[in-house]
Amino acid sequence: MKYSLVVNGIGHAFLREFGCSCGRCTQREHVANTSVSIIAADNKSNEVVWHALVDVGLGVVTSLCNLVKPEDARLDWLLFTHWHPDHSLELNRLCETLRRTARLRSQPFTPISTWCRNGTAQWLQKTYSYEWHRCLDPDRHEGCEPPGRVLDPVQTGTAGLKITPISVSHYTADIDPVNFKDRLFSSASFVVETDQKKAILFWDIDNTNDWIVNPASEEQEKTVALLSEADYVFIDCFNWTVENIRGYNTGHISFSTVRQYMKALQPRETLLMHISGHEEGLGNPGWGWLDGKWEQEAQKIWQEESVSGIVRVPRIGEEFPLFND
Ligand SMILES: [Zn+2]
Ligand SMILES: [Zn+2]
Ligand SMILES: [Zn+2]
């Protein structure tokens, strides 16, 4: 058996803006979005025998069609970090594609096992009620634990692969869908582990996750230990420095915080995701930078400040090995 992570999604995490002349809005090339597939394949035939998709942002279906051999296409689990549209927008297309694929193969359509936190479940139910009731088989996590807790592992039934959600703060998503003024912790990150490798899917997170740098309880220490010294950390990197706009927290971290969090967690590889740069403003560092420039500038800081491991921006379709026997 072979387990791996594959980066997919071909939209920008944040859409292009009409009339914006920045490099990211004007480039035609697709860039990786905040979505990753966890794949189990037979290591002789390469046949995909299990597939979990983490988040369903714009472009994921096309990305999957481009990456996977048609006969290998399948989806066994859907995991949501949170409900924001850039992580759920293509749910309808995904469900429709799977239903049509089942028909084409003369197989019955089986609702997709889906894990998310309770707050996210409430939002998804409201926004995507058709897909939620007809196409998904939800396994929601009922608690609304504050950030920095290890939640119960997702019961995926895959031998040798463990997926553990972690509660994180993502300010703009931690909202009660009925009473918008009430805080409801709805966001999760995931630790994906095998005997050989550990990967952290760490998006979207904000700059109030102080527990990563200064764990204040035994419980938070346990969480930090689980997140530490991973082989790969895929992390939110919204802007170069900006985290607050006109006094509001964007709900995302900038590269300034990425490096603080990574100094605490010391992964072998830091993969920057969810890049925007828009909020830096015209002409400032980060504004309009393409992935190559982000990588270059990030690597300079990594070297100057002796941060452990390497830092870079992943490409669409890039495969990260987790296990091979
Ligand atoms: Zn732009
Ligand atoms: Zn978000
Ligand atoms: Zn997002």
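The buried residues of helix α8 are covered by elements that include α7 (218–227), β10 (232–236), β13 and α9. Contact here means that the C-beta atoms of two residues, placed from the backbone, lie within 7 Å. Helices (H or I, at least four residues) and strands (E, at least two) are DSSP runs, numbered from the N terminus.

This is a predicted model, in which local features need pLDDT of at least 70, side-chain atom pairs count only at pLDDT 80 or more, and totals for chains, interfaces and linings use all residues. Residues are numbered from 1 along each chain as its sequence is written, and chains are lettered from A and ligands numbered from 1 in the order in which they are written.

Helix α8 spans residues 255–265, and Phe255, Thr257, Val258, Tyr261, Met262 and Leu265 are buried in it. A residue is buried if 20 or more other C-beta atoms lie within 10 Å of its own, exposed if 12 or fewer, and partly exposed in between, with C-beta atoms placed from the backbone. Seen down the axis of α8, the buried residues fall within an arc of 155°, so they line one face of the helix. That arc is taken over the directions from the helix axis to the C-beta atoms. Just after α8, Gln266 has a positive phi of about 45°.

The largest nonpolar core holds 76 residues, and Leu201, Val233, Phe234, Ile235 and Leu272 have the most contacts inside it. Such a core is a set of buried Ala, Val, Leu, Ile, Met, Phe, Trp, Tyr and Cys residues joined through C-beta atoms within 7 Å. Helix α8 gives the largest share of this core, 5 residues. Leaving aside neighbours within four places in sequence, Ile235 is in contact with Phe202, Trp203, Val258, Thr270, Leu271, Leu272 and Met273.

**The six-stranded sheet**

An open sheet of 6 strands has the order β7-β8-β9-β10-β13-β14, with mixed pairing. At its edges stand β7 (162–167) and β14 (310–312), each with a single partner strand, so one side of each is left without a neighbour in the sheet. Neighbouring strands of this sheet are turned by 20° against each other on average, direction ignored. Helix α9 (residues 291–304) packs on the sheet, touching β13 (269–273) and β14, and its direction makes about 160° with that of β14. Axes are lines fitted to C-alpha atoms, for helices over the stretch in contact, and angles run from 0 to 180 degrees between N-to-C directions.

Strands of a sheet pair through backbone hydrogen bonds, either parallel or antiparallel. Two strands count as paired if DSSP finds at least two bridges between them.

| Strands | Sense | Bridges |
|---|---|---|
| β8 and β9 | antiparallel | 4 |
| β9 and β10 | parallel | 4 |
| β10 and β13 | parallel | 5 |
| β4 and β5 | parallel | 3 |

Phe190 stands opposite Leu201 in β9. In β10, Ile235 is the bridge partner of Phe202. From β9 the chain crosses through α7 to β10, and this β-α-β crossover is right-handed: with the strands pointing away from the viewer, the path from the first strand over the helix to the second runs clockwise. In β13, Glu269 is the bridge partner of Tyr232. Strand β10 has 5 of its 5 residues buried, so it is largely enclosed by the rest of the structure.

Pro165 touches His141, Leu151, Val154, Ala188 and Phe190, not counting residues up to four places away in sequence.

**The seven-stranded sheet**

A further open sheet has 7 strands in the order β6-β5-β4-β3-β2-β1-β15, and its pairing is mixed. Strands β6 (136–141) and β15 (319–324) stand at the edges, each with a single partner strand, so one side of each is left without a neighbour in the sheet. The twist averages 20° from one strand to the next. In β5, Thr114 is the bridge partner of Leu78.

Helix α5 (residues 118–127) lies across β5 and β6, at about 120° to β5. Gly119, Thr120, Ala121, Trp123 and Leu124 are buried in α5. Their cover includes α3 (85–88), β5, α6 (129–135) and β6.

Helix α2 (residues 60–67) lies across β1 (2–8) and β2 (35–41), running at about 130° to β1. Asn66 is found in α2 and is partly exposed, with 13 other C-beta atoms within 10 Å. Asn66 and Gly317 are 251 residues apart in sequence and 8.7 Å apart in space, C-alpha to C-alpha.
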